[in-house]
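Me: I'm new to this one and would like a close look at a single part of it. Could you walk me through the aromatic residues and what lies around them?

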Amino acid sequence: MSGITGKTLEFKHLQNIRFSEVDSMGIVWHGHYIQYLEEAREMFGKNYGIDYLTIAANGFKIPIVDIDCKYRRSLKYGDEIVTQVKFIDTMAAKIIFEYELYRVSDGQLAASGHTTQVFIDEEDRLQLNYPEFFLEWKKKWGL
């Protein structure tokens with residue numbers, strides 16, 4: 001990826017696999033992994049003060065334009081997982097996260113992935129430059 005600065009912010013999010021997330025074989029349905037990424041990303045935002053409500057209050061939305069999830073090992077009902085979230089700083093006006101989901105009981109990597117989000121204004125116009133509030137946020141965290 002071009003424009004990557006090499007700077008990152010990291011966060012870990014713990015959660016338990018719920019009964020409603022498994023199929024008839026007791027294995028997590030593949031679509032829920034995307035929800036795990038979303039939940040970890042939301043918790044990252046709350047932890048670092050850049051949650052969706054803050055972004056919306058500044059007049060912007062950040063839709064996902066690219067998502068990838070690689071499945072490594074099955075997760076089952078009752079498993080506890082930790083999702084490691086890494087914000088990848090870039091010079092382009094986008095937000096990139098990388099993820100690794102581990103089963104806590106044995107430390108095995110269950111999945112990995114990434115997401116890319118872009119900024120759009122209230123009229124749904126793509127922003128080619130970072131909004132000022134986001135530049136201030138990056139500065140606050142040394143990015």
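Is tryptophan 141 buried, partly exposed or exposed?

Reply: A word on the ground rules. This is a predicted model, in which local features need pLDDT of at least 70 and side-chain atom pairs count only at pLDDT 80 or more, while totals for chains, interfaces and linings use all residues. Residues are numbered from 1 along each chain as its sequence is written, and side-chain values use heavy atoms, with hydrogens and water left out.

Now to your residue: tryptophan 141 is partly exposed, with a relative accessible area of 31%. On that scale, buried means under 20% relative accessible area, exposed means over 50%, and partly exposed is in between (1.4 Å probe, protein chains only).

Tryptophan 141 belongs to one aromatic cluster, together with Phe44, Tyr48, Phe60, Phe87, Phe97, Tyr99, Phe119, Tyr130, Phe133, Phe134 and Trp137. Rings of Phe, Tyr and Trp (for Trp, its six-membered ring) pair if their centres lie within 6.5 Å; planes under 30 degrees apart count as stacked, over 60 as edge-to-face, and the rest as tilted. By this rule the count comes to 19 aromatic pairs. Take phenylalanine 44 and phenylalanine 87: their ring centres are 6.3 Å apart and their planes are at 15 degrees, so the pair is stacked. This pair links distant parts of the chain, with phenylalanine 44 in helix α1 and phenylalanine 87 in strand β4, 43 residues apart. Phenylalanine 44 is buried, at a relative accessible area of 1%, and phenylalanine 87 is buried with a value of 1%.

Tryptophan 141 has a partner of its own. The rings of tyrosine 48 and tryptophan 141 have centres 4.7 Å apart and planes at 85 degrees, so that pair is edge-to-face. It also links distant parts of the chain: tyrosine 48 sits in helix α1 and tryptophan 141 in the segment after α3, 93 residues apart. Tyrosine 48 counts as buried, at 11% relative accessibility.

What do those helices lie across? Helices (H or I, at least four residues) and strands (E, at least two) are DSSP runs, numbered from the N terminus. Helix α1 (residues 31-48) lies across β1, β3, β4, β5 (94-103) and β6 (109-118), running at about 110 degrees to β1. Helix α3 (residues 132-140) lies across β1, β4 and β5, at about 110 degrees to β4. For such angles, axes are lines fitted to C-alpha atoms, for helices over the stretch in contact (heavy atoms within 4.5 Å), and angles run from 0 to 180 degrees between N-to-C directions.

Those strands make up an open sheet of five, in the order β1-β4-β5-β6-β3, with antiparallel pairing. The edge strands are β1 (4-16) and β3 (64-71), each pairing on one side only. On average, neighbouring strands of the sheet are turned by 15 degrees against each other, direction ignored. Two strands pair if DSSP finds at least two bridges between them; β1 and β4 (residues 80-90) pair in the antiparallel sense over ten bridges.
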